[in-house]
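The following paragraphs go through one chain step by step. Please keep the model open while reading.

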Amino acid sequence: MPKEDNIETEGVVIEAMRGTMFKVKLSNGHIITATLSGKLRVNYIRVMPGDHVKIEMSPYDITKGRITWRGKS
């Protein structure tokens, strides 16, 4: 799937689960399960509850996503 087909949105991490999985509340109120992208994982970027993040989702399954950027809280 081309990168242009992905949906990008912002949200806030509300819960850290095991295995670098997170519950994220999106700006529209929905709660999704998200995992860290490769660059965040390789560079040991810590994501904590309360952090503002950018999420990339597939249009085929909008209940799961990938955290691509951690903003300042």
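Does Thr33 count as buried or exposed? The model is a predicted one, and in it Thr33 has a relative accessibility of 19%. Buried means under 20%, so Thr33 counts as buried. Thr33 lies in strand S3. If residues up to four places away in sequence are not counted, Thr33 touches Met17, Met21, Phe22, Lys23, Thr63, Lys64 and Gly65. For a distance across the chain, take Glu56, which is 23 residues from Thr33 in sequence; the two C-alpha atoms are 11 Å apart.

The wider setting comes next. Along the principal axes, the C-alpha atoms fill a box of roughly 30 × 30 × 25 Å.

Burial can also be stated for the chain as a whole: 29% of its 73 residues count as buried. The largest nonpolar core consists of 13 residues. Phe22, Val24, Val53, Ile55 and Ile67 are the residues with the most contacts inside this core. Two or more core residues come from each of strand S2 (21-26), strand S3 (31-36) and strand S4 (52-58).

Which residues does Ile55 touch, not counting residues up to four places away in sequence? They are Ile7, Glu8, Thr9, Val24, Leu26, Ile32, Ala34, Gly65, Arg66 and Ile67. Two of these, Val24 and Ile67, are also among the residues with the most contacts inside the core.

Strand S1 covers residues 7-17, and Glu10 is found in it. Beyond its neighbours within four places in sequence, Glu10 is in contact with Leu26, Ser27, Val53 and Lys54. Between Glu10 and Leu26 there are 6.0 Å from C-alpha to C-alpha, at a sequence separation of 16 residues. Leu26 is also one of the residues that Ile55 touches.

Among contacts between residues at least 6 apart in sequence, 47% join residues at least 24 apart.

The surface and the charges remain. The accessible surface of the chain comes to about 5200 Å², and carbon and sulfur atoms account for 53% of this area. The chain carries 12 positive and 8 negative charges, whose mean positions are 8 Å apart.

How values were computed:
Residues are numbered from 1 along each chain as its sequence is written. This is a predicted model: local features need pLDDT of at least 70, side-chain atom pairs count only at pLDDT 80 or more; totals for chains, interfaces and linings use all residues. Side-chain values use heavy atoms; hydrogens and water are left out. A nonpolar core is a set of buried Ala, Val, Leu, Ile, Met, Phe, Trp, Tyr and Cys residues joined through side-chain atoms within 4.5 Å. Buried means under 20% relative accessible area, exposed over 50%, partly exposed in between (1.4 Å probe, protein chains only). Helices (H or I, at least four residues) and strands (E, at least two) are DSSP runs, numbered from the N terminus. Contact means heavy atoms within 4.5 Å. Accessible areas come from the Shrake-Rupley method with a 1.4 Å probe; for residues, only the protein chains shown count as cover. Lys and Arg count as positive and Asp and Glu as negative; His and the chain ends are not counted. The place of a charge is taken as NZ of Lys, CZ of Arg, CG of Asp or CD of Glu.
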